[in-house]
Amino acid sequence: MVPRRSCDELDRMRIAGQIVARVLRGISEMVRPGLATRELDAAAEEIIRKAGGIPSFKGYHGYPASVCASVNDEIVHGIPGPRVLEDGDVVSIDVGAIWQGYHGDAAVTVPVGSVSEAVATLIRATEASLQAGIAAVREGARMGDVSHAIERVARDAGCEVVREYGGHGIGQAMHEPPSIRNWGPPGGGLRLREGMTFCLEPMLTLGGYSTKVLDDGWTVVTADGSVSAHFEHTVLVTENGAEILTLPPEDQVGEA
Ligand code: MF3
Ligand code: CO
């Protein structure tokens, strides 16, 4: 059963989403060659707590940090630490926050210094695939339409789509049903209803789609060592489309 949120729940999720958006904007701007990924984590935790939120990743099944920082061939769930970002790297930053019991979760991928043309294309395609998925969200649509829209943009750009990880429902827990593929045929799957909230998070690679988990038990990498990118938003299904709950304020147009 995928719940439909009440107005009160949505107000809380909007605030959680805004906290996440603010953190992502703030820490993306820190990214530069020479920065250790644990500095991103410390800054994120401070921003979340100052805003009155709780970092949802910290302690989640024992996860040790407030953000995930996944560099180059790391797809998702990279643990921030002493690793220093180098010119030409690419880092995915994933953040989650809880506000009065409700969750927001989003991620961006940021180039470090100047990256290769192929990596720049990968980053653009991953963000575009997320936007295409969001554009397919509306009351009455099928989740298969969303998955298919993501995959089509990825493939048109010549990128591969990670199969073993995907999006998820979100609300009072960070991970709720349904699980959402970033690939597959259109027309089938869950019928989207107004008030449903979920995270779309395409993960694309410049190589194959196979993954493995490192010995730390968390870091998911491409099996072939190819570079990967990841973008994520928390969205709400509305009558006319999607409301993006984790959109940064400066990207919001036409709303008070
Ligand atoms: N956005 C990530 C996901 O949905 C957040 C989980 S990171 C964890 O998988 F460390 F908290 F697990
Ligand atoms: Co997520």
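The part I mean is Asn 72: is it buried or exposed?

Reply: Asn 72 is buried, because its relative accessible area is 18% and the cut-off for buried is under 20% (exposed is over 50%, partly exposed lies in between, with a 1.4 Å probe and protein chains only). The model is a predicted one, in which local features need pLDDT of at least 70 and side-chain atom pairs count only at pLDDT 80 or more, while totals for chains, interfaces and linings use all residues. Residues are numbered from 1 along each chain as its sequence is written, chains are lettered from A and ligands numbered from 1 in the order in which they are written, and side-chain values use heavy atoms, with hydrogens and water left out.

Asn 72 sits in the loop that links strand S2 (67-71) to strand S3 (74-76). Helices (H or I, at least four residues) and strands (E, at least two) are DSSP runs, numbered from the N terminus. The backbone of Asn 72 has a phi near 55 degrees, which is positive although the residue is not glycine. Most residues other than glycine have a negative phi, and most peptide bonds are trans. Gln 100 also has a positive phi, of about 45 degrees, without being a glycine. Its place is the loop between strand S4 (90-99) and strand S5 (102-111). As for peptide bonds, the one from Pro 177 to Pro 178 is cis, with omega near 0 degrees. Pro 178 belongs to strand S8 (residues 176-180).

Now the surroundings. The protein has four helices and 15 strands. Its C-alpha atoms fill a box of roughly 45 × 40 × 35 Å along the principal axes. A compact globule of 256 residues would have a radius of gyration near 18 Å, and the protein agrees with this at 17 Å; the radius is taken over C-alpha atoms, and the globule rule is 2.2 Å times the number of residues to the power 0.38. Of the 256 residues, 54% count as buried.

Among contacts between residues at least 6 apart in sequence, 70% join residues at least 24 apart. Contact here means heavy atoms within 4.5 Å.

The largest nonpolar core has 33 residues, and Val 137, Leu 192 and Phe 198 are among those with the most contacts inside it. Such a core is a set of buried Ala, Val, Leu, Ile, Met, Phe, Trp, Tyr and Cys residues joined through side-chain atoms within 4.5 Å. Helix H3 (117-135), helix H4 (143-156), strand S9 (197-200) and strand S14 (233-237) each supply at least two residues of this core. H3 gives the most, with seven residues. Leaving out residues up to four places away in sequence, Val 137 touches several others, including Val 146, Leu 200 and Gly 241. A second, separate core has 24 residues, including Ile 27, Val 71, Val 91 and Val 95.

Pro 202 is another loop residue, between S9 and strand S10 (203-205). It is buried, with a relative accessible area of 0%. Pro 202 and Phe 231 are 29 residues apart along the chain, and their C-alpha atoms are 6.0 Å apart.

Some residues are not buried. Lys 50, in helix H2 (residues 37-50), counts as exposed because its relative accessibility is 67%. Its C-alpha atom is 9.8 Å from that of Ile 19, 31 residues away along the chain. Ile 15, in helix H1 (residues 7-28), is partly exposed at 38%. Glu 250, in the segment after strand S15 (242-244), is partly exposed at 47%. Glu 250 and Val 237 are 13 residues apart in sequence, yet 22 Å separates their C-alpha atoms.
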